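Hi,

Here is the structure I promised to pass on to you. Have a look at it first, and then read on for my notes.

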Amino acid sequence: MLVAPRLAPGALMQETAVIDAEYRLLAQDAATRREAALLALTAGDARLTRLRIGHQAAFGDDAPRLRAALSAFHEQHYHAANLHLFLCGPQPLNELETLAREAAARIPPGVAAPLAINARTGGSGALAQPGFAQLELSFLLPADVRPALRLLAHALHSEAPGG
């Protein structure tokens, strides 16, 4: 699936219908709308502003054209530098490791580009949401400070008294 996806035209069109149904549901979800608004305020790295979920209008009805676009996307982005592999199974650990090494050997190595984040200033992230009013503050942080925030995240999710 990762190394050489089949991308059969019939299966692609069936999957676009499923993705479109998910899109319609998520378009009404307040948290998804807030995330989209926040990402719209970012500048710099296109990976932050690209389409997060597809819909029928974006995919179109031309299966060969969609297949060609997905093949090009796969070739550009599905390489080891962009992937993380997690294995879980009933096999012993050494057998899982062998399976992982065999699978990884077929994936091109690639080079991961560092993620660059620049928040736009002067723009408004105001988003009209149906229902009750709420305030949400969001911040884009450089990747190098995120590990330092793990302790804060742990404290915020603590179930201990006073947590």
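How many aromatic pairs does the count come to? The count comes to one aromatic pair. The two rings belong to Phe-73 and Tyr-78: their centres are 6.4 Å apart and their planes sit at 65°, so the pair is edge-to-face. If you want to see where that label comes from, the cut-offs are that centres must lie within 6.5 Å and that planes over 60 degrees apart count as edge-to-face. Before you go further, please keep in mind that this is a predicted model.

Phe-73 is partly exposed, with a relative accessible area of 37%. Tyr-78 is partly exposed too, at 31%, and you can find Tyr-78 in the loop between helix 5 (63-77) and helix 6.

Now click on His-74, which is found in helix 5. Is His-74 buried or exposed? His-74 has a relative accessible area of 14%, and because buried means under 20%, it counts as buried. So what is His-74 in contact with, once you leave aside its neighbours within four places in sequence? The answer is Met-1, Leu-2, Val-3 and Pro-5.

Next, the big picture, in case you'd like to get your bearings. The chain has seven helices and two strands. Following the sequence along, you get the pattern α-α-β-α-α-α-α-β-α. There are 163 residues in the chain, and 12% of them count as buried. The chain exposes about 12,900 Å², with 61% of that supplied by carbon and sulfur atoms. Take the contacts in the chain with a separation of 6 or more: residues 24 or more positions apart account for 82% of them.

Here is one pair of residues to look at with that in mind. Pro-9 and Arg-65 are 56 residues apart along the chain, and their C-alpha atoms are separated by 9.7 Å. Pro-9 is found in helix 1, and at 41% relative accessibility it counts as partly exposed.

On to the charged side chains. How many salt bridges does the structure hold? It holds two.

One of the salt bridges joins the side chains of Asp-20 and Arg-24, at 2.8 Å from N to O. Both residues are in helix 1 (residues 9-26), and because they are four residues apart there, they are separated by about one helical turn. Asp-20 counts as buried at 10% relative accessibility, whereas Arg-24 is exposed, with a relative accessible area of 57%.

The other salt bridge is between the side chains of Glu-97 and Arg-101, with an N to O distance of 2.8 Å. Look for this one in helix 6 (residues 93-105), where Glu-97 and Arg-101 lie four residues apart, about one turn of the helix. Glu-97 is partly exposed, with a relative accessible area of 41%, and Arg-101 is exposed, at 57%.

There's also a polar contact I'd like you to check out. The side chain of Thr-32 makes a polar contact with the side chain of Asp-29, at 2.7 Å. Thr-32 lies in helix 2 (residues 30-40) and counts as partly exposed at 26% relative accessibility.

One last thing, about the backbone. Most residues other than glycine have a negative phi. What is the phi of Leu-7? Leu-7 has a positive phi of about 50°, although it is not a glycine. You'll find Leu-7 in the segment before helix 1.

That's everything I have for now.

Cheers

Notes: Residues numbered from 1 in each chain as written. Predicted model: local features only at pLDDT ≥ 70, side-chain atom pairs only at ≥ 80, totals over all residues. Heavy atoms only, no water. Phe/Tyr/Trp six-rings, centres within 6.5 Å; stacked < 30°, edge-to-face > 60°. Buried < 20%, exposed > 50% of the residue type's maximum accessible area, 1.4 Å probe, protein only. Salt bridge = Lys/Arg side-chain N within 4 Å of Asp/Glu carboxyl O. Polar contact = N/O pair within 3.5 Å; in protein donor to acceptor, adjacent residues only side chain to side chain. Contact = heavy atoms within 4.5 Å. Areas by Shrake-Rupley, 256 points an atom, 1.4 Å probe, with all protein chains shown as cover.
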